[in-house]
Amino acid sequence: MGLKIGQKAPDFTLPSTSGKLFSLSNDLKGKACVVYFYPKDFTGGCTAQACEFRDQFEDFRGLELPVIGISRDDMPTHLRFKKEHDLPFELLSDTSGKVCEKYDALVPLIRIPKRITYLLDADHHIKDVFQNMLDAKAHIKRMLENY
């Protein structure tokens with residue numbers, strides 16, 4: 001099933017590493033953005049992916065394209081992960097998995113987030129979607145190429 005290109009992305013509100021609640025429709029109103037879902041902080045692939053977003057962050061900033069990372073980790077874990085890897089973008093905590101579910105970003109039965117990245121246009125319609133559990137760095141390249 002899943003979300004399709006051209007479809008309106010589901011709105012959500014989640015706790016953020018900024019210390020505030022982050023709302024897609026309010027905080028990024030009228031802005032294109034990248035929303036990426038990943039399995040777990042401090043794991044090899046997820047750390048590589050987050051650090052690649054960090055290392056390419058100036059490219060995203062130059063495009064005025066905010067990056068938001070979402071997993072089911074709790075906020076204390078996100079805060080440690082963000083600090084340890086000097087991540088310049090917000091991480092959101094979806095401990096219930098409800099937002100992951102809306103974005104078809106949960107592995108069935110075990111309910112951990114998939115590695116899936118969405119590129120949203122300024123009206124928050126899905127412009128591109130990329131899913132690959134093994135090649136974490138490919139997500140960043142794909143989003144930059146398709147913006």
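Modeller: Ser71 stands opposite Ser93 in strand 5. The model is a predicted one, in which local features need pLDDT of at least 70 and side-chain atom pairs count only at pLDDT 80 or more, while totals for chains, interfaces and linings use all residues. Residues are numbered from 1 along each chain as its sequence is written, and side-chain values use heavy atoms, leaving out hydrogens and water.

Strand 4 and strand 5 run parallel and are joined by 4 bridges. Strands here are DSSP runs of E with at least two residues, and helices are runs of H or I with at least four, both numbered from the N terminus. Two strands count as paired if DSSP finds at least two bridges between them. On the strand 3 side, strand 4 is again held by 4 bridges, and these two strands also run parallel; Val34 has Val67 of strand 4 as its bridge partner. Strand 4, helix 4 and strand 5 make a right-handed β-α-β unit. A crossover is called right-handed if, with the strands pointing away from the viewer, the path from the first strand over the helix to the second runs clockwise.

Strand 4 is largely enclosed by the rest of the structure, because 5 of its 5 residues are buried. Buried means under 20% relative accessible area, exposed means over 50%, and partly exposed lies in between, with a 1.4 Å probe and protein chains only. Both faces of strand 4 are covered, with Val67, Gly69 and Ser71 buried on one side and Ile68 and Ile70 on the other.

The sheet is open, has 5 strands in the order 5-4-3-6-7, and shows mixed pairing. Strand 5 (90–93) and strand 7 (126–131) are at its edges with a single partner strand each, so one side of each has no neighbour in the sheet. From one strand to the next, the twist averages 20°. Strand 6 (residues 116–120) pairs with strand 7 in the antiparallel sense over 5 bridges, and Leu119 has Asp128 of strand 7 as its bridge partner.

Helix 4 (residues 75–84) packs on the sheet, where it touches strand 4 (67–71) and strand 5, and its direction makes about 160° with that of strand 5. Contact means heavy atoms within 4.5 Å. Axes are lines fitted to C-alpha atoms, for helices over the stretch in contact, and angles run from 0 to 180 degrees between N-to-C directions. Pro76 has its place in helix 4 and, at 48% relative accessibility, counts as partly exposed. Pro76 and Thr17 are 59 residues apart in sequence, and their C-alpha atoms are 8.8 Å apart in space.

Helix 6 (residues 138–146) lies across strand 3 (33–37), strand 6 and strand 7, and runs at about 160° to strand 7. Its buried residues are Ala138, His139, Ile140 and Met143. They pack against strand 3, helix 2 (44–55), helix 3 (57–62), strand 6 and strand 7.

The nonpolar cores come next. Such a core is a set of buried Ala, Val, Leu, Ile, Met, Phe, Trp, Tyr and Cys residues joined through side-chain atoms within 4.5 Å. The largest has 22 residues, of which Phe12, Leu24, Phe37, Ile70, Tyr103, Tyr118 and Leu120 touch the most other members. Strand 3, strand 4, helix 5 (98–102) and strand 6 are the elements that give two or more residues to this core. Apart from it lies another core, of 20 residues, among them Tyr36, Leu91, Phe130 and Ile140.

Finally, the aromatic rings. Rings of Phe, Tyr and Trp (its six-membered ring) pair if their centres lie within 6.5 Å; planes under 30 degrees apart count as stacked, over 60 as edge-to-face and the rest as tilted. By this rule there are 13 aromatic pairs. One of them, Phe53 with Phe89, is edge-to-face, at 6.1 Å centre to centre and 70° between the planes. Phe53 lies in helix 2 and Phe89 in the loop between helix 4 and strand 5, so the pair ties together parts that are 36 residues apart in sequence. Phe53 and Phe89 are both buried.
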